[in-house]
Amino acid sequence: METQVGIVGAGPAGLLLAHLLQRAGIESVVLEARTREYVEHRVRAGVLEHGTVEVLKETGVGERLEREGMLHHGVELRFGGTGHRIDFSALAGGRAITVYGQQEVVKDLIAARLQSGGALHFEAEVTSIDPERGVIRFGDEELRCAVIAGCDGFHGVCREAVQDRLRIYERVYPFAWLGILAHAAPSSEELIYTHSDRGFALHSMRSPEVTRNYLQVPPDEDVGEWSDERIWEELQQRMATVDGDFILQEGEIFEKGVTPMRSFVAEPLRHGKLFLAGDAAHIVPPTGAKGLNLAVADIRVLARGLRSYCKDGDGTRLDEYSDRCLRRVWRVQHFSWWMTSMLHRFEGDAFEAKLQRSQLEYVVRSHAAATTLAENYVGLDLEDV
Ligand code: PHB
């Protein structure tokens with residue numbers, strides 16, 4: 001088998017790349033180890049930056065997103081039992097975010113791919129890749145490609161294939177998130193990031209009938225330790241306000257999971273014919289809601305580079321891929337680390353707790369500090385992405 005671009009992984013990164021290439025008349029084959037059912041139902045974050053929404057809309061996969069996505073013009077930071085709104089419209093040039101589940105983006109991109117007749121193989125587990133020759137092996141088959149896009153996530157084979165050539169930068173946090181989905185109406189119009197003495201809590205949503213809530217828990221926490229009652233009780237305690245006005249709506253919990261927290265970057269992103277993108281190359285802790293958006297930014301740079309290369313034989317943009325992406329990657333790494341450090345409870349560190357409180361008060365009082373949060377949250381406009 002032969003193709004121009006072999007794409008390993010049918011998450012948002014791989015599927016979006018296939019979609020953008022298809023529109024540019026560049027042939028690709030997407031190989032995904034899991035089933036369609038699995039990737040369409042894998043629960044992930046759900047905040048889309050302005051720029052992410054734009055690219056989906058402009059390329060014809062934003063119809064359901066426009067109908068069902070929830071536009072938010074701010075978020076709340078809650079600490080000391082009091083809420084403070086960060087107003088994106090006022091602070092970030094009128095930009096907003098859209099709440100729409102990552103798996104919904106995946107469903108829309110799969111539908112577009114199948115409709116266009118492009119190759120997309122599920123349960124096609126890649127066993128090895130050759131980044132120099134541009135060969136992908138899966139099952140008994142070999143796929144020869146001009147370029148390989150490694151979009152197979154943090155545990156995939158693509159990064160592993162070049163691991164002795166990578167420089168790794170990493171930070172692992174001493175906590176995880178327990179995330180739930182519940183049949184309950186959102187208790188607030190906007191997301192609430194809560195810093196409390198009992199740990200971090202986040203109130204988010206998926207629709208007018210479904211809420212998504214998170215609790216900071218110890219790393220490697222066993223979900224079995226968390227009955228529905230215990231989860232609601234802990235959320236109620238962490239999110240309670242001093243005026244007693246906040247009422248967290250409870251409901252039937254239909255999904256529970258623990259997400260580890262890490263910051264990770266593997267440099268560079270290009271090795272011969274292999275280009276790493278999304279979680280295969282970098283991980284951010286979810287506190288800034290950046291993972292999917294960063295993957296989309298990589299893919300936009302890669303798709304543009306591939307257009308120049310495949311259409312005009314000009315490899316300059318591809319040569320610049322790694323450096324261009326890494327500039328945004330590190331800005332987002334800093335933001336995600338900063339949000340994480342400011343909002344979580346660091347066990348037994350009283351000095352850290354004092355710093356956090358001072359920082360939170362500063363962020364909600366200072367126009368400059370609030371702007372920093374707002375413009376990073378809605379997504380910075382770095383040139384070319
Ligand atoms: C989510 O809705 O799943 C979500 C929202 C904001 C975050 C992380 C996750 O920072």
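Biologist: Is the crossing of α1 and α6 left-handed or right-handed?

Modeller: Please keep in mind that this is a predicted model. The axes of helix α1, residues 12-23, and helix α6, residues 102-116, come within 9 Å and cross at roughly 35 degrees. As for its hand, the crossing of α1 and α6 is left-handed.

Biologist: How do the residues of the contact of α1 with α6 divide into nonpolar, polar and charged?

Modeller: On the α1 side the contact is made by Pro-12, Leu-15, Leu-16, Ala-18, His-19 and Gln-22, and on the α6 side by Gln-102, Val-105, Val-106, Leu-109, Ile-110, Ala-112, Arg-113 and Ser-116. Sorted by class, the residues of this contact are nine nonpolar, four polar and one charged.

Biologist: Is α9 roughly parallel or roughly antiparallel to α10?

Modeller: Helix α9 covers residues 291-312 and helix α10 covers residues 316-343, and their axes come within 9 Å and cross at roughly 170 degrees. Because angles over 145 degrees count as roughly antiparallel, the crossing angle makes α9, relative to α10, roughly antiparallel.

Biologist: Which residues of α9 and α10 make the contact, and how many of them are charged?

Modeller: From α9 the contact takes Leu-294, Ala-297, Asp-298, Val-301, Leu-302, Arg-304, Gly-305, Ser-308 and Tyr-309, while α10 supplies Thr-316, Arg-317, Leu-318, Tyr-321, Arg-324, Cys-325, Arg-328, Val-329 and Val-332. By class, the contact of α9 with α10 has 10 nonpolar and three polar residues, and the number of charged residues is five.

Biologist: How many nonpolar residues are in the contact of α11 with α12?

Modeller: Tyr-362, Val-363 and Val-364 of α11 meet Ala-369, Ala-370 and Leu-373 of α12 in this contact. The contact of α11 with α12 has no polar and no charged residues, and its nonpolar residues number six.

Biologist: Turning to the strands, which of them stand at the edges of the eight-stranded open sheet?

Modeller: The eight strands of this open sheet follow the order β6-β5-β13-β14-β15-β12-β16-β19, with mixed pairing. Two of these strands each have a single partner strand, so one side of each is left without a neighbour in the sheet, and these edge strands are β6 (82-87) and β19 (282-283).

Biologist: Which residue in β15 is the bridge partner of Leu-178?

Modeller: Strand β12, residues 167-183, is joined to strand β16, residues 252-267, by 14 bridges in an antiparallel arrangement, and in β16 the residue opposite Leu-178 is Val-258. β12 also pairs in the antiparallel sense with strand β15, residues 210-217, over eight bridges. In β15, the bridge partner of Leu-178 is Leu-215.

Biologist: Where does the cis peptide bond from Glu-267 to Pro-268 place its proline, that is, in which loop does Pro-268 lie?

Modeller: The peptide bond from Glu-267 to Pro-268 is cis, and its omega is near -10 degrees. Pro-268 lies in the loop between β16 and β17 (270-271).

Biologist: Which residue takes a positive phi in the hairpin of β9 and β10?

Modeller: Strand β9, residues 126-130, and strand β10, residues 135-138, run antiparallel and are joined by four bridges, with Ser-128 standing opposite Arg-137 in β10. Four residues lie between the strands of this hairpin, and the residue with a positive phi, near 75 degrees, is Gly-134.

Biologist: Which residue has a positive phi although it is not a glycine?

Modeller: The residue is found in the loop between β8 (119-121) and β9. With a positive phi of about 50 degrees, this residue is Glu-123.

Biologist: Finally, how many charged residues has the shell around the ligand?

Modeller: The residues around the ligand are Ala-45, Gly-46, Val-47, Leu-191, Leu-202, Ser-204, Arg-212, Pro-286, Thr-287 and Ala-289. By class, this shell has six nonpolar and three polar residues, and the number of charged residues is one.

Notes: Residues numbered from 1 in each chain as written. Predicted model: local features only at pLDDT ≥ 70, side-chain atom pairs only at ≥ 80, totals over all residues. Axes fitted to C-alpha atoms, helices over the stretch in contact; angles between N-to-C directions. Helix = DSSP H or I, 4+ residues; strand = E, 2+ residues; numbered from the N terminus. Parallel < 35°, antiparallel > 145°, perpendicular 65-115°, else oblique. Contact = placed C-beta atoms within 7 Å. Nonpolar A, V, L, I, M, F, W, Y, C, P; charged D, E, K, R; others polar. Near = placed C-beta within 6 Å. Pairing = 2+ DSSP bridges. Left-handed = near helix turned anticlockwise from the far one by under 90°.
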